[in-house]
Amino acid sequence: MHSTNRKKLGILLAILSVLLLISGTFAWFSFTQRAINDRSGNINFEEVGRLHDYFDRASGNKDVFAENFGDAPILVRVKLLEYMEINGESLVQADPQEVAEGNAVQPIKEDTGTWTPWTPEASGNTVGQRVGPGAVFNARARWTVGWNPRAATDSSGQLNAPYFMPTFNRARDNHKTAAAGDGRDWTQSGEEADTSVSANGTNAGADATGVTHPGNGTDGYWTNGSTATSILGTPPDTEDGPHTARQTVIQDQPVMLLSQWNALPVQDRVGNFWVVDPQTGWAYWANLLFPEEATSFLLDQANFSTSGIRGDYYYGIKAVANMVANTDGDVSALWEEAPENHSDLAKQLVDEVRSGMPILGEMTPGQTFNMRGIEYRYLENKGDGNHLVNTADFQINSAWNTNAGVDSYNGSTLDNNMKNWHDNLPSVVRRQVQPVQKEFTGVGSDVHISKWWYSAANGSPNINIPIVGTERSFILDFEHPAFPDALKNDFAVVDPNGEKKAFALSVAEVNKLSGPEKAFPTMASRRTVGGWTRTPFDADMPWIIMGGAVLTGSLQVPTFTPNFIAAVFPQSPALILRDQDGAWTSSF
């Protein structure tokens, strides 16, 4: 993104969504934001996030989530506020003395800024009923928050993440929401949107009804392969051509409180889930929201009970979303723009989200860094924003192969254990892993070597391994004719048609990364690679990196017996990660 755009993106965005229960009826109407900026004065800003609100008054389905249609990661938080009155009197009554002293606010229907923040209590590993002033709503307003996997409406199996229709309004200077079904975009001019014309919003000039997005608001309306075009006939909601439904990101954890988040293992604290600060009511997306992604649902269902009510009633939900660029100045606006007592844990969460992804392009070979509780070593810049790393300590213990009928690294015990390790990484790390070859080519019989070697002159009857430099050097001499081309050219590369996985380094990679000013400048430094490489030496055993009093850190082939291949060694998995100018996003 151009620096000017980044600067504009950084302005704090305030986005509103209002769900209204119309007085004296059992019908629900839903309203979402129009451009709202809680700050005083006139500020020109660009918005790259769109708040979605899909609502169905009959079933109470209410899907509130955020989409990033820009080209850089953003931070997102959403606050849900409520108001209810019966016969014109607010259910929440603040103490007049507290109000006079500025320590409390009396909710007023016409002033949505006075409504009561949703502040739930902990319940198991998620959240439960409201506490504080909003507890009076528990008997009437029953919410389902977060996303619970369920059967897909198109009978395609278990739906781990819901589908949504990407916004048709990608104008950065326009701030309407994607309001669908019985959802309504609200002008926030002090009056509700005009709903007197064409309730389904399909008329010419549908924006007059407050409907800005296709769909009927029911649960599971969008499915795999669904397409739609804009329902509005005026810019900027007329992006050419149909859009295809996409899934939100998969929710890693249920909606939780900051105290529950703080109790998580450090490697699990950044991911795709919502964390609520009960001190302010803000729900933070515990990850950067990347371009073309949408968060999981914060609110999934909102039912209202009218049992026993006599007279006129009104119930509303307001959602306020802040979206900012990942810069120091923009993030500081989260804490400075609103007169709220933000908790230290909320600031810690945002800091961890921001610092969880290091800028790999600024690292030097051999440098170590921590990423979600695991220490890594930077190995090599592979170009185009892709970087080779491995863990700085041993993460798995594995035999090279115990699988019957497998005579290659591909499909071996080591290969499978590397893949399993990758699959259990935090999603914030997995998303940056680039796909590599599904099957490595330098792992077959064409790399076998007929000679038996030791890497030190220790009186053995076999010849020394061909090395570059002095007797105790550790860099293989690939000019030696015993090394086949298939061995020398086995390097992991980014392959769009490959698979995301961890892998063992090859002999060629270890050799290339060894030497002065490289990732492994000494034999001792290379010991963190582990035992096995992915390169076979002959039909029975692979090359191994082994320590010892004489052979410390050297790459060698001792006189293994054939059954030694079943031995278990500690290993350091390697990955190719993408980091283009610090903007962590996989290109595949």
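Predicted model: local features only at pLDDT ≥ 70, side-chain atom pairs only at ≥ 80, totals over all residues.
Reader: Which residues of helix 5 are called buried, and how do you know on which side of helix 5 they lie?

Author: The buried residues are Ala 346, Leu 349, Val 350, Glu 352 and Val 353. They cover an arc of only 160° around the axis, and therefore they lie on the same side of helix 5. Their packing partners are strand 5 (74-86), helix 3 (258-262), strand 20 (274-276), strand 21 (282-285) and helix 4 (328-336).

Reader: How do you know what helix 5 should span?

Author: Helix 5 has 12 residues, 344-355, and at 1.5 Å a residue it should span 16 Å. Its end C-alpha atoms are 16 Å apart, so the two values agree.

Reader: Why is Trp 400 called buried?

Author: Buried means under 20% relative accessible area. Trp 400 has a relative accessible area of 3%, and therefore it is buried. Trp 400 belongs to the loop between strand 28 (396-399) and helix 6 (413-423). Its C-alpha atom is separated by 6.7 Å from that of Ser 412, although these two residues are 12 residues apart along the chain.

Reader: What makes the side chains of strand 10 alternate?

Author: In a regular strand, side chains alternate between the two faces of the sheet. Along strand 10 (residues 141-145), Ala 141, Trp 143 and Val 145 point to one face and are buried.

Reader: Which residues have the most contacts inside the largest nonpolar core?

Author: That core has 67 residues, and those with the most contacts inside it are Tyr 376, Tyr 409, Phe 503 and Leu 575. Leaving aside neighbours within four places in sequence, Leu 575 is in contact with residues including Tyr 376, Trp 421, Val 433 and Phe 503. A second, separate core has 35 residues, among them Val 64, Met 84, Leu 257 and Ala 302.

Reader: How many of the residues of the protein chain count as buried?

Author: Of its 588 residues, 55% count as buried.

Conventions
Residues numbered from 1 in each chain as written. Heavy atoms only, no water. Helix = DSSP H or I, 4+ residues; strand = E, 2+ residues; numbered from the N terminus. Expected span 1.5 Å × (residues − 1). Buried < 20%, exposed > 50% of the residue type's maximum accessible area, 1.4 Å probe, protein only. Arc of directions from axis to C-beta. Contact = heavy atoms within 4.5 Å. Core = buried A, V, L, I, M, F, W, Y, C linked by side-chain atoms within 4.5 Å.
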